[in-house]
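Please read them with the structure open.

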Amino acid sequence: MTANIAYDDVEVGTELPARTFPVTRATLVRYAGASGDFNPIHWNEKFAKEVGLPDVIAHGMFTMAEAIRVVTDWTGDPGAVVEYGVRFTKPVVVPNDDQGALIEVSGKVAAKLDDNTVRVDLTAMSGGQKVLGMSRAVVRLA
């Protein structure tokens, strides 16, 4: 596969289409099964509160994976992501209700680099708080 976006068609400041990702307790259970991460802070409210968390929280790697979807959806090619890193700044708190939580992600081209690559800076928010810091991806475009 190749990215659907041409390097020459992108400028610094180009905004990627924003996305909102719902997260419920059921989502966390499915992710735990797929990842093998059954830490009780991700499914057991009593345990999460006993260790000082406000409630059950989403897996950091799950949050990171949802955020990069903004980039992979934009490029049309997950293989276009050359580098990706974040800092986990706040947890995504997932209440035990029918609503769960929302992860709102936006992205912007922050720099045009060599070899048809760009740096995309992502912003991920949940509950009005920034949940990922220094969320950056280097992407190879067509």
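In which helix is the place of Thr27? Thr27 belongs to helix 1, which covers residues 25-35.

1. Basis of the note. The model is predicted: local features need pLDDT of at least 70, side-chain atom pairs count only at pLDDT 80 or more, and totals for chains, interfaces and linings use all residues. Residues are numbered from 1 along each chain as its sequence is written, and side-chain values use heavy atoms, with hydrogens and water left out.

2. Layout of the chain. The chain has three helices and five strands. Helices (H or I, at least four residues) and strands (E, at least two) are DSSP runs, numbered from the N terminus. Read from the N terminus, the order is β-α-α-α-β-β-β-β. The C-alpha trace spans about 50 × 30 × 25 Å along its principal axes.

3. Burial and surface. Of the 142 residues in the chain, 39% are buried. Buried means under 20% relative accessible area, exposed means over 50%, and partly exposed is in between (1.4 Å probe, protein chains only). The accessible surface of the chain is about 7,600 Å², and carbon and sulfur atoms account for 51% of that surface. These areas come from the Shrake-Rupley method with a 1.4 Å probe; for residues, only the protein chains shown count as cover.

4. Contacts along the chain. Contact means heavy atoms within 4.5 Å. Take the contacts between residues at least 6 apart in sequence: 68% of them join residues at least 24 apart.

5. Thr27 counts as buried because its relative accessibility is 16%. Leaving out residues up to four places away in sequence, Thr27 touches Pro22 and Phe62. Leu28 also lies in helix 1. With a relative accessible area of 0%, Leu28 is buried. Leu28 touches Val23, His42, Val56, Ile57, Ala58, His59 and Val94, again not counting residues up to four places away in sequence. For a distance to check by hand, the C-alpha atoms of Leu28 and Glu104 are separated by 17 Å, and these residues are 76 residues apart along the chain.

6. A residue of helix 3. Thr63 is part of helix 3. Is Thr63 buried or exposed? Thr63 counts as buried because its relative accessibility is 4%. Apart from neighbours within four places in sequence, Thr63 is in contact with Ala58, Val92, Ile103, Val131 and Leu132.

7. The largest nonpolar core. A nonpolar core is a set of buried Ala, Val, Leu, Ile, Met, Phe, Trp, Tyr and Cys residues joined through side-chain atoms within 4.5 Å. The largest one has 34 residues, and Val120 and Leu141 touch the most other members. At least two residues of this core come from each of strand 1 (15-23), helix 3 (60-75), strand 3 (101-112), strand 4 (117-126) and strand 5 (129-140). Helix 3 gives the largest share, seven residues. Not counting residues up to four places away in sequence, Leu141 touches Ala3, Ile5, Ala6, Tyr7, Val10, Trp74, Thr75, Asn116 and Val118.

8. Strand pairing. Two strands pair if DSSP finds at least two bridges between them. Strand 1 and strand 3 run antiparallel and are joined by seven bridges. Within this pairing, Glu15 has Lys108 of strand 3 as its bridge partner. Strand 3 also pairs with strand 4, in the antiparallel sense, over eight bridges. Here the bridge partner of Ser106 is Thr123 in strand 4.

9. The hairpin and its turn. Strand 3 and strand 4 form a hairpin, with four residues between them. Asp115 lies in the loop between these strands. What is the phi of Asp115? The phi of Asp115 is near 60 degrees, a positive value in a residue other than glycine. Most residues other than glycine have a negative phi. Asp115 is exposed, because its relative accessible area is 57%.

10. Met134 is in strand 5. The phi of Met134 is near 50 degrees, a positive value in a residue other than glycine. Met134 counts as partly exposed because its relative accessibility is 45%.
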